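Let's take a walk through a protein model together. Keep the sequence and the 3D view open, and click on each residue as we get to it.

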Amino acid sequence: MHVMREKTAVEIELIARARRLVPALRERAEQADREGKVPDETIREMQEAGLFRALQPKRWDGYEVDPRTFFEIQMTLAEGCMSTAWIYGVMGVHPWQLARYPVEAQQDVWGEDTSTLISSTYMPVAKVTPVEGGYRISGRWGFSSGSEHCQWGLLGGILPPGEDQPAEHGTFLVPRSDYRIEKNWDVLGLRGTGSHDIVIEDAFVPAHRVQRTNNASLAATPGREVNTNPIYALPFAQVFTRAVSSSCLGALQGAINQFSDNAKQHIGKHGAKTAEDPVAQTAVAEAITTVDAFKLVLERNFAHMLALAEKGEIPDTETRLLYRYQSAQVTNVCAERVSDLLRSMAASGLYNTNPVARTFRDLHQARGHISNNVAAYGRSYGAVQLGLPNPDPYV
């Protein structure tokens, strides 16, 4: 990946550690797909490599790297296994979010073990009842990727209005002892993510473990008083949406690699190499330029947001809508490009054992995530461009 900035020695080393894991991830991809779970061995190796600490505050043994490095780590892992990269993106972004919570919440999670992992599902389905000192919540949430590997969960719900606060989306931080995982993840792609349901039946969540998700003010993110790196001032929606789209770029790059190796050797039933097929040549060229273009957009957008964060500012609504739309476009276009690659492999590419076919399934599954709803975010951005009010309350 060509970059427009100079990385630190730590960033270079973390990316190199991720790169060294790729061969093993490629070998385990079928196992993750078959078992519906990223192997525990893989999680352990990513822990030992310090990858989950990329966005974690230094005061909690983290690295506080530039988010662009975090996404490059994710893309690198995806070249070996997109399910692994997907849960890395989701679980790996949570230390960034926890850093914005009150210090007491950070102590709850990391006080005894700074390697503790957190899963999430931000669906606003919690039944929320205000009580003294916090809230009681109940509910059933879907799509909690990597939840079997985690000891805490971040769960969505609508916070009722207060004296000086409107009703808005909130994120409740809950220990594993307060919820159960109901395994129901039997899907087309991203099977290894184990994105099961989370169920809570009347749990108490103290006020210090609740965050107004999209409120980037210092009052709503008091952890920033001690974790002062500008990365923690970025808008939540901008960081999280990229965590569920950037693995698509790495997965497409992995498919390009696999496709190219196959095309140089494969001879079809009519006696011609795939590499000699003009359709295959165009497909791989389009895929390569797609990866390159989307990486450049990610680089530029975060350079802009970080420059603003250093001044205590965030992008205006129009810019945030554009950046969210561009994040969603990644998944949609990458799915189209891998479809072209798979079609160029003809009937031999349709076997489940074909890594490109697995990537095809994974990318089309990723399109279903709400943050990758390209049509919805395109309409929101287009509406504002045409002078209408912003219809997206979560941007």
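## The largest pocket

Strand S1 gives the largest share of the lining of the largest pocket, with five residues. Before we go on, keep in mind that this is a predicted model. The pocket holds about 740 Å³ of space. Its lining is made up of 33 residues, and the ones closest to the centre are Tyr-122, Phe-240, His-369, Ile-370 and Ser-371.

Which elements supply at least two residues each to this lining? They are helix H4, strand S1 (118-131), strand S2 (134-144), helix H6 (236-243) and helix H10 (355-366). If you sort the lining by class, you get 17 nonpolar, 14 polar and two charged residues.

## The annotated N-terminal stretch

Now turn to residues 18-110. An unreviewed UniProt entry annotates them as "domain: Acyl-CoA dehydrogenase/oxidase N-terminal". How much of this span is helix, and how much is strand? In the model it comes out as 69% helix and 0% strand, and its end C-alpha atoms lie 24 Å apart.

Let's take them one at a time.

## Thr-69 in helix H3

You'll find Thr-69 in helix H3, which runs over residues 67-78. Is Thr-69 buried or exposed? Its relative accessibility is 0%, so it counts as buried, the cut-off for that being under 20%.

What does Thr-69 touch once you skip its neighbours within four places in sequence? Its contacts are Arg-5, Lys-7, Glu-11 and Ile-15. With Arg-5 there is also a polar contact between the two side chains, at 3.4 Å.

## Leu-98 in helix H4

Leu-98 sits in helix H4, residues 82-98. Its relative accessible area is 2%, so Leu-98 is buried as well.

Leaving out residues up to four places away in sequence, Leu-98 touches Ala-105, Gln-106, Val-109, Trp-110, Ile-118 and Leu-173.

Next up is Thr-116, in the loop between helix H5 (103-110) and S1. Thr-116 has a relative accessibility of 11%, and because that is under 20%, it counts as buried. Not counting residues up to four places away in sequence, it touches Val-109, Trp-110, Gln-151 and Trp-152.

Zoom in on the side chain of Thr-116 and you'll see that one of its polar atoms lies 2.8 Å from the backbone oxygen of Asp-113. The backbone oxygen of Val-109 is 3.4 Å from a polar atom of that side chain. For another pair to look at, Thr-116 and Lys-37 are 79 residues apart in sequence and 18 Å apart in space, C-alpha to C-alpha.

Ser-195 belongs to the loop between strand S5 (180-182) and strand S6 (196-206). With a relative accessible area of 3%, Ser-195 is buried.

Which side chains make polar contacts with the side chain of Ser-195? One is that of Ser-145, at 2.6 Å. Another is that of Thr-193, at 2.8 Å. Setting aside residues up to four places away in sequence, Ser-195 touches Phe-143, Ser-144, Ser-145, Asn-184 and Trp-185.

## Two positive phi angles

Let's finish with some backbone angles. Most residues other than glycine have a negative phi. Leu-190 isn't a glycine, but its phi is positive, at about 50°. It lies in the loop between S5 and S6. Leu-190 is buried, with a relative accessible area of 3%.

Asp-61 is another non-glycine residue with a positive phi, near 65°. Where does Asp-61 sit? It is in the loop between helix H2 (40-48) and H3. Asp-61 has a relative accessible area of 47%, so it is partly exposed, whereas Leu-190 is buried.

Note on methods
Residues numbered from 1 in each chain as written. Predicted model: local features only at pLDDT ≥ 70, side-chain atom pairs only at ≥ 80, totals over all residues. Heavy atoms only, no water. UniProt positions renumbered as here; feature names shortened; annotations may be inferred. Helix = DSSP H or I, 4+ residues; strand = E, 2+ residues; numbered from the N terminus. Buried < 20%, exposed > 50% of the residue type's maximum accessible area, 1.4 Å probe, protein only. Polar contact = N/O pair within 3.5 Å; in protein donor to acceptor, adjacent residues only side chain to side chain. Contact = heavy atoms within 4.5 Å. 1 Å grid on protein atoms, 1.4 Å probe; cavity = no way out; pocket = protein on both sides within 12 Å on 5 of 7 lines; lining within 4 Å. Points joined across faces, edges and corners; volume = space filled by probe spheres on them. Nonpolar A, V, L, I, M, F, W, Y, C, P; charged D, E, K, R; others polar.
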